[in-house]
Amino acid sequence: MSRGRKTRNQKPETRSVSAAHRRRVLALILLVSGFWFLVSCRQKMAVQPKYDPLEPSDFFADGMSARPRIPGTVARGELPLEGFLVTGKIGNDDGDGYPFPITAAVMDRGQERFNIYCSPCHGRGGDGNGMIPSRGLRRPPSYHTDALRNAKTGHFFDVMTNGFGAMPSYAVQVPVNDRWAIIAYIRALQLSRNGTINDLPPAQRAQLSGGAP
Ligand code: HEC
């Protein structure tokens, strides 16, 4: 033994006994914890009875583990989109008009949806001065231009469905029927800037031009 260790341990016998004892305790701890490690390490999730994709199976009569689709279910992205209602197109071109009658209830719905989903950028009046462009996004065009006044309803449907330049698609947030309701409301916004006195019923015309009510 080196001089240094002797000075530190005054009683060599006691020390070696307790060292042997410590080693035994340590070995016991290692053994017990190793046992628990082995027992607790069963990979129940990874090693489970299951079929790999398209693996054969003798459980089902057709011999396949993959089950056929339940009739009538449609996978995401596989729904054929055809017709004016869901595409806004007639043939390959933007259609005009509406696929269902525009009632006061549809207009109200359009106003509500427009104010939620479009006005943050396009502004409540459709001038393109919403809050978001004021913070840096490209400023949308006003709806009150000749180009957009003359644009077909199918064009608006297409812009909402597929996006347009810097504007993202709103197909997820705005379901098909709501898109048409929003278009009807945008048309009302456009008309509101271009109305003439002749658009009023005769009784109200008289009121405006200062006649007796
Ligand atoms: C996040 C901001 C934003 C929102 C919300 C938004 N738009 Fe836009 N929109 C834009 C921008 C920006 C443009 C111009 C894109 C460009 O020219 O690159 C635009 C352009 C348009 C145009 C003009 C297309 C053309 O022919 O010039 C229409 C129509 C339109 N949006 C309709 C809508 C409708 C309807 C909604 C609500 C469902 C809506 N937008 C929601 C930002 C937005």
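Two residues are in contact if their C-beta atoms, placed from the backbone, lie within 7 Å. Helices (H or I, at least four residues) and strands (E, at least two) are DSSP runs, numbered from the N terminus.

This is a predicted model: local features need pLDDT of at least 70, side-chain atom pairs count only at pLDDT 80 or more, and totals for chains, interfaces and linings use all residues. Residues are numbered from 1 along each chain as its sequence is written.

**Overall layout**

The protein chain has 10 helices and 2 strands. From the N terminus, their order is α-α-α-β-β-α-α-α-α-α-α-α. The chain holds 213 residues, and 12% of them count as buried. A residue is buried if 20 or more other C-beta atoms lie within 10 Å of its own, exposed if 12 or fewer, and partly exposed in between; these C-beta atoms are placed from the backbone. Take the contacts in the chain with a separation of 6 or more: residues 24 or more positions apart account for 49% of them.

**Where H4 meets H9**

Helix H4 covers residues 104–117, and helix H9 covers residues 176–192. Their axes are 7 Å apart, and the packing angle is about 90 degrees. That makes H4 roughly perpendicular to H9. Axes are lines fitted to C-alpha atoms, for helices over the stretch in contact, and angles run from 0 to 180 degrees between N-to-C directions. Angles under 35 degrees count as roughly parallel, over 145 as roughly antiparallel, 65 to 115 as roughly perpendicular and the rest as oblique.

H4 brings Val106, Met107, Arg109, Gly110, Gln111, Arg113 and Phe114 to this contact. From H9 come Asp178, Ala181, Ile182, Ala184, Tyr185, Ile186 and Ala188. By type, the contact has 9 nonpolar, 2 polar and 3 charged residues. Ala, Val, Leu, Ile, Met, Phe, Trp, Tyr, Cys and Pro count as nonpolar, Asp, Glu, Lys and Arg as charged, and the others, Gly among them, as polar.

**The core**

A nonpolar core is a set of buried Ala, Val, Leu, Ile, Met, Phe, Trp, Tyr and Cys residues joined through C-beta atoms within 7 Å. The largest one has 13 residues. Phe114, Phe156 and Tyr185 are among those with the most contacts inside it. H8 and H9 are the elements that give two or more residues to this core. H9 supplies the largest share, 6 residues.

**Around the ligand**

The ligand is surrounded by 20 residues; the closest are Cys118, Cys121, Pro140, Gly165 and Met167. A residue is near a molecule if its C-beta atom, placed from the backbone, lies within 6 Å of it. This shell divides into 17 nonpolar, 2 polar and 1 charged. Helix H5 (119–122) and helix H8 (153–162) each supply at least two of its residues.

| Residue | Other C-beta atoms within 10 Å | Class |
|---|---|---|
| Leu54 | 8 | exposed |
| Cys121 | 19 | partly exposed |
| Tyr185 | 23 | buried |

Cys121 is found in helix H5. Leaving aside neighbours within four places in sequence, Cys121 touches Gly130, Ile132, Pro133, Leu137 and Pro140. Tyr185 is found in helix H9.

Leu54 lies in the loop between helix H2 (12–40) and helix H3 (84–87). Most residues other than glycine have a negative phi. Leu54 is not a glycine, yet its phi is positive, about 65 degrees.
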